[in-house]
Amino acid sequence: MSNTPEFPWSDRYLLGYNPIDDTHREFVDCVDALLRASDDQVGAALEAFARHAEAHFAQEDGWMTEGEFPARDCHIDEHAKVMASVREVQELVAQGNYEIARELAHALIDWFPGHADYMDSALATWMVNKSHKGRPLVLRRKEHIQE
Ligand SMILES: [Fe+2]
Ligand SMILES: [Fe+2]
């Protein structure tokens, strides 16, 4: 496996909410590792990607569900579709079809920028606004103490 990334991180993927940005850096690293894995590494690289994707999507789904994020259904649905493809590809890789894992990596590279721009960016903005709205609670508590 060469050390040069084929799917390098770019700051144009930054959405301004650190927990999402950190997860997205990890996504890029996992997909890149999958793309560059040799045949004997591909099963492990795919397993690592699947674990990442499960946690990544569960985190975003959790924020949307707990916070009643508007129009969350199509975002959650898109995560589920990607996860279903990952599971299918894992089965094929287990049967010795390693090339399909590289096809998946390329498909993920095509998918990610659009998903991040249209879906994750809306969630990132919403999470940032939510944490700003949390501040007045601190002020209210101070007022309460002064009473
Ligand atoms: Fe994401
Ligand atoms: Fe997402």
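Predicted model: local features only at pLDDT ≥ 70, side-chain atom pairs only at ≥ 80, totals over all residues.
Visitor: What share of the chain is buried?

Guide: Buried residues come to 20% of the 147 residues.

Visitor: Which secondary structure does the chain hold?

Guide: Five helices and zero strands. Along the sequence the pattern reads α-α-α-α-α.

Visitor: How do you know that the span of helix 3 agrees with its number of residues?

Guide: Helix 3 covers residues 72-94, which is 23 residues. At 1.5 Å a residue they should span 33 Å. The end C-alpha atoms are 33 Å apart, so the two agree.

Visitor: And how do you know it for helix 2?

Guide: Helix 2 runs over residues 42-66, and its 25 residues should span 36 Å. Its end C-alpha atoms are 35 Å apart, which agrees.

Visitor: Which residues of helix 2 are buried?

Guide: Val 42, Ala 45, Leu 46, Phe 49, His 56, Glu 60 and Met 64.

Visitor: Why is Gly 62 called exposed?

Guide: Gly 62 sits in helix 2. The cut-off for exposed is 12 or fewer neighbours. Gly 62 has 10 C-beta neighbours inside 10 Å, so it counts as exposed. Its C-alpha atom is separated by 9.6 Å from that of Ile 76, which is 14 residues apart along the chain.

Visitor: Why are helix 1 and helix 2 called roughly antiparallel?

Guide: They pack at an angle of about 160°. Angles over 145 degrees count as roughly antiparallel. Helix 1 and helix 2 therefore get that label. Their axes are 9 Å apart, and their crossing is left-handed.

Visitor: Which residues make the contact of helix 1 and helix 2?

Guide: Helix 1, residues 18-36, brings Thr 23, Glu 26, Phe 27, Cys 30, Val 31, Ala 33 and Leu 34. Helix 2 brings Ala 45, Leu 46, Ala 48, Phe 49, His 52, His 56 and Gln 59. By class, this contact has nine nonpolar, four polar and one charged residues.

Visitor: How do you know that helix 2 and helix 3 are roughly antiparallel?

Guide: Use the cut-off again: over 145 degrees. Helix 2 and helix 3 pack at about 165°, with axes 10 Å apart. They are therefore roughly antiparallel to each other. Helix 2 passes helix 3 in a left-handed crossing.

Visitor: Which residues of helix 2 and helix 3 make the contact?

Guide: From helix 2, they include Val 42, Leu 46, Phe 57, Glu 60 and Met 64. From helix 3, they include His 75, Ile 76, Val 86, Val 89 and Val 93. The contact residues of this pair divide into 12 nonpolar, five polar and four charged.

Visitor: Why is Arg 102 called partly exposed?

Guide: Arg 102 lies in helix 4, residues 99-133. Partly exposed falls between 12 or fewer for exposed and 20 or more for buried. Arg 102 has 15 other C-beta atoms within 10 Å, so it is partly exposed.

Visitor: How many residues along the chain lie between Arg 102 and Val 31, and what separates their C-alpha atoms?

Guide: They are 71 residues apart along the chain, and their C-alpha atoms are separated by 9.2 Å. For the chain as a whole, take contacts between residues at least 6 apart in sequence: 67% join residues at least 24 apart.

Visitor: What makes the phi of Glu 68 worth a look?

Guide: Most residues other than glycine have a negative phi. Glu 68 is not a glycine, yet its phi is positive, about 50°.

Visitor: Is Glu 68 buried or exposed?

Guide: Exposed, because 7 other C-beta atoms lie within 10 Å and the cut-off is 12 or fewer.

Visitor: Which phi does Ala 71 take?

Guide: A positive one, near 55°, in a residue other than glycine. Ala 71 lies in the loop between helix 2 and helix 3. With 9 other C-beta atoms within 10 Å, Ala 71 is exposed.

Visitor: What follows helix 3?

Guide: Gly 96, with a positive phi near 100°.

Terms used:
Residues numbered from 1 in each chain as written. Chains lettered and ligands numbered in written order. Helix = DSSP H or I, 4+ residues; strand = E, 2+ residues; numbered from the N terminus. Expected span 1.5 Å × (residues − 1). Axes fitted to C-alpha atoms, helices over the stretch in contact; angles between N-to-C directions. Parallel < 35°, antiparallel > 145°, perpendicular 65-115°, else oblique. Left-handed = near helix turned anticlockwise from the far one by under 90°. Contact = placed C-beta atoms within 7 Å. Nonpolar A, V, L, I, M, F, W, Y, C, P; charged D, E, K, R; others polar.
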